[in-house]
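User: I am new to this structure and would like to learn how to read its features. Please guide me through them.

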Amino acid sequence: MKKNHVFMAIALPALALFFIFHTYPALQGIFYSFTDWKGYGSWNFVGVKNYLNVFKDNRAGAAYIFTFQFAIVTTIVVNIISLLIAIGLNSKIKFRKTLRAIYFLPYILSILIIGFIFNFIFAHFLPQIGTVLGSELLSKNILGDPNLAWIGIVIVAVWQGVAFNTLIYLAGLVTISEDLYEAASIDGAGIWTKFWKITFPMIAPFFTINMVLSMKNYLMVFDQIVAMTGGGPGKSTESISLLIYRGGFEGGQFAYQSANAVVYFVVIVIISIIQLKILNRREAAN
Amino acid sequence: MTRKKTNWIITVLLILGSLFILFPIYLAITIAFKTPPEMAGNLLVLPKSWSFDNFKQAIEMTNFFNAFKNSFFITFFVVIFTVLTNSLVAYAIARNLHKKFYKTLYFYFLSAMFIPFPIIMLPLVKQTSAWGMDNLVGLIVLYVVFNLSFNVFIYIGYIRSIPVELEEAAIIDGASTWGVFWKVIFPLLAPMNATVAIITCLGAWNDFMLPLVLLSDQSMATLPLVQYIFQSQFSTDYNLAFASYLMALAPMILVYVFAQKWIISGVMRGSIK
């Protein structure tokens, strides 16, 4: 066989399989979003009715607000903590290897199971501590409070998310030469100046990767919520993914949730593009 | 470079911080060994006895070995097929990027990374069940195909750093394109193969959403899925539940303890590509 034919014989099946299992379902989803299909039985075209309903639907609106609030707060908190830990791990410390291994450990664990463990911590362990300390805030289960439950989910997401982001920042920090800091010290620069003038500009590309990946991951939050609140109390922690799953599989809203999924996709793409634009411009300015 | 003194303040702060990471795991281990009456007391103390009764009961109740077998079967074959096929596809694309078709294919796979799973989820489940793929084999096929998107991206970055001259020498010696890949390129990809294997292994072992929506039969459930299915039956028997969680987490923790250096550097290599 000729060389080009061999390459074609490899690429074509890959393209076909990817199209069948990824693109085709996506196209089907878009197609059904213009119908009233329940997931079974007959269906009719309904035009853009589903899309109009998504925008009018309070449940969907609440899911979008919760998901955004969760994703923005978690992305910011995860990145601040990761950067601090990475800077710590990159300085002259004892037990560096062991500490690095501990901080990375959450990355390898099942999010769902960690969620179950934290569920217990919020429901039983913290209230026990709270009772002993006489603290009213701690002595109740925050996952049972519609106004506070989202914080519990942020905490478990941060606990796990810091691992990966720390590693990325660490990869960036090790590329910075010690000489730069020494030169800055000679010029009389303080820790703060060194961070903003040397560290931050040097790790800017890693900051961009982390912000974009974190935001995208947290906009898709699912496992943590299933394990911790199941979307409750009420619908206060129902994320968009969970809503699509519930409505689509259990609520007979196949077509309607397909429209919701398309809206969701457009939102994620827009946010990713905006983030890349802003962060790249800042990088270039530096 | 001057030798700096150990910064003890940062060392101590990092050790204190690491307690936050270790604490939930400590809690999981101690509770898994406790009995229900002990739960009424201080949750921080060690269990009175280190009896494996909870584990035995959890194994029977959740049919642990069956779920372990399912998770292992899926993870094992997904890793093997992902490394073998995704590297091959990436090679075909990387060596032809100057051609329009392959360049389009590259961006096609790349752009799929931006498509969140929930968007394809509903039609995909209909499709796979209609085609009799709502089982472990179907799951393996989907993981291997979906992995293409990210892996093609990281493999190509690496393959393009391998000089074409190496291949040309092998071709002059009479090797076919197929032979060149397996005998010359694939061995050179070893560090990237390791990275892909690690990330794929963690992804397949810990994934919850795809098994949840795809598998129709409870006997096919993977380890994370089993914890979810039995959540209502554990009800308030936290000792039993935690024994079960711990057994589901243990295989990866054990692998991590022995191979952490390798895993960390592998993931790092993949992420900064």
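This is a predicted model: local features need pLDDT of at least 70, side-chain atom pairs count only at pLDDT 80 or more; totals for chains, interfaces and linings use all residues.

User: How many helices and strands does chain B have?

Analyst: Helices (H or I, at least four residues) and strands (E, at least two) are DSSP runs, numbered from the N terminus. Chain B has 13 helices and zero strands.

User: How spread out is chain B?

Analyst: The radius of gyration is taken over C-alpha atoms, and the globule rule is 2.2 Å times the number of residues to the power 0.38. For the 273 residues of chain B the rule gives 19 Å; the radius of gyration is 23 Å, well over that, so the chain is more spread out than a compact globule. Its C-alpha trace spans about 75 × 65 × 35 Å along the principal axes.

User: At what angle do H12(A) and H5(B) pack?

Analyst: Axes are lines fitted to C-alpha atoms, for helices over the stretch in contact, and angles run from 0 to 180 degrees between N-to-C directions. Helix H12 (residues 240–250) of chain A and helix H5 (residues 117–130) of chain B pack at about 10 degrees, their axes 10 Å apart. H12(A) is therefore roughly parallel to H5(B) (angles under 35 degrees).

Terms used:
Residues are numbered from 1 along each chain as its sequence is written. Chains are lettered from A and ligands numbered from 1 in the order in which they are written. Angles under 35 degrees count as roughly parallel, over 145 as roughly antiparallel, 65 to 115 as roughly perpendicular and the rest as oblique.
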